[in-house]
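Let's work through a few exercises on charged side chains that pair up. Keep the structure open while you go.

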Amino acid sequence: MIKLIFKNLWARRRRNAWVLIELILITIVAWVVLDPAIVSGYYFSLDSGYDVDRLVTLDLLEIPEGGRGYDEASAETRMDDVHRLLDKVRSNQQVETATITSFQIFESGSLNVSSFPKDSADGCYVVVKFFPNTDFFKTFGIKGLDGNVFNEPPVSGNDIIISRSVGDIMHPGINPLGHYLNEGTDSTAKHFDWDRNKLIAGVTDEAIYRSYMGRSPIIYKYDKERKVKYAGDLKIVIRLKPGVNPDRFIVDYSPVVNSELKAGNVYAHSPMTFEDRRDSTARETRNKYVISLALALFFFVNLCLGIIGTFYLQTRTRSRDTGVMRSFGATPSYVLREIMSEGWIMTTLAWIIGCGLYCIYAKKHGLYEAEGVFWGHSDTIISVLPQWCDFFWSHFWVVSGIIYVALIITVSIGIYIPARRISRTNPVDALKDE
């Protein structure tokens, strides 16, 4: 069959040449439109590293001085009032646990970033603040290295908890517990001093600070309640019990929030699922991704329809060839495999040439990098949190493979429908005009 396939391809070389050129151009265009959609979609699909499905947030506000209902005595006990609100939230039968957070938390618009002393300025970690003994890690469902929910150790103002990647960078090959974060590094003016004498009290598994970042080396820093000067900077994050629908919970709980969740000058408002808060934080980046995905699908589907039409029309004209093959005893399945194989060979050749041409371009200008991954290609970060799109050849072959599969499926559809019909044509009918 192989000899027959290549003989037929050569015999129809002029017509096949135009089809080959069309497939090459489509392969290049597919790279342009699909690469951003594939990479961005990959980042959005990554596991956040914490259990976001059953989380609900409550915003807090504080009656301003001189405002209606303002209690001057309560201004000195705002954190006690916040804890009273927290206890009220925890008393709900549908709530599993709840915690207090500052504005430096997952999916927040705030971003506190510091550089690793062992790397250049693009090797960064994110600082997440938490209040000890408020079930922070339990509420978010952040995992420890053993795969279970991280058990918060006793911490003081000089202690920090780090993600595994931070430990791998700062203390490679050893257990970082009990070591200082920047132990053994030289002091430089460009690095913050606050983390120099921080003792590592715990190590968690990885989590993603924002959904479009892809990776986030994180340091969890102890936050001091006495430094909170305004309750509006805080939120209450709620973890619901299994089986409780967050949207339904918000509908049922909103009257309680509006009428009962007030203590002193502090009150709660605006319950929102954490999923909605995440979508709100990443709206601009997500909208760009949706637009690029829609454009990619629009152009690629139209290109695929063009391929299907081309091969459909070309295959329909092969009835004479199939008649000759059938007259020499070829079965319908043999004829179908032969015609399909011709299309697959042409597609593979066009894919190799098209990807090769785009590879030359990409070697000079680079492949797509997801927007929002602010630390770029820090070698230090990549060494501990590698992803396929960080490396040129893995990135190139993954996207090339997806394009190849899409082309093969498209060409197969265009050939199979007419080829199946003409392969079953009676040889006498196919050759009656000869």
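**Exercise 1.** Find out how Arg248 and Asp252 meet, and where the two residues sit.

*Solution.* Start with the contact: in this predicted model, the side chains of Arg248 and Asp252 form a salt bridge, at 3.4 Å from N to O. That passes the test, because a salt bridge needs the nitrogen within 4 Å of the carboxyl oxygen. Next, look at the location: both residues belong to helix H6 (residues 246-260), and being four residues apart, they are separated by about one helical turn.

**Exercise 2.** Work out which parts of the chain the Arg90 and Asp135 pair ties together.

*Solution.* First, the contact: Arg90 and Asp135 form a salt bridge, with their closest N and O atoms 3.6 Å apart. Now place each partner: Arg90 lies in helix H3 (residues 78-90), and Asp135 is in the loop between strand E4 (124-130) and helix H4 (136-140), so the pair ties together parts that are 45 residues apart in sequence.

**Exercise 3.** Is Arg54 buried or exposed, and which residues are linked with Arg54 in a network of salt bridges?

*Solution.* Arg54 has a relative accessible area of 19%, so Arg54 is buried, as the cut-off is under 20%. Its salt bridge with Asp51 spans 3.6 Å from N to O, and Asp51 is partly exposed at 26%. Widen the view, and the network links Asp51, Arg54, Glu96 and Arg239. Across the structure, there are 12 salt bridges.

Note on methods:
Residues numbered from 1 in each chain as written. Predicted model: local features only at pLDDT ≥ 70, side-chain atom pairs only at ≥ 80, totals over all residues. Heavy atoms only, no water. Buried < 20%, exposed > 50% of the residue type's maximum accessible area, 1.4 Å probe, protein only.
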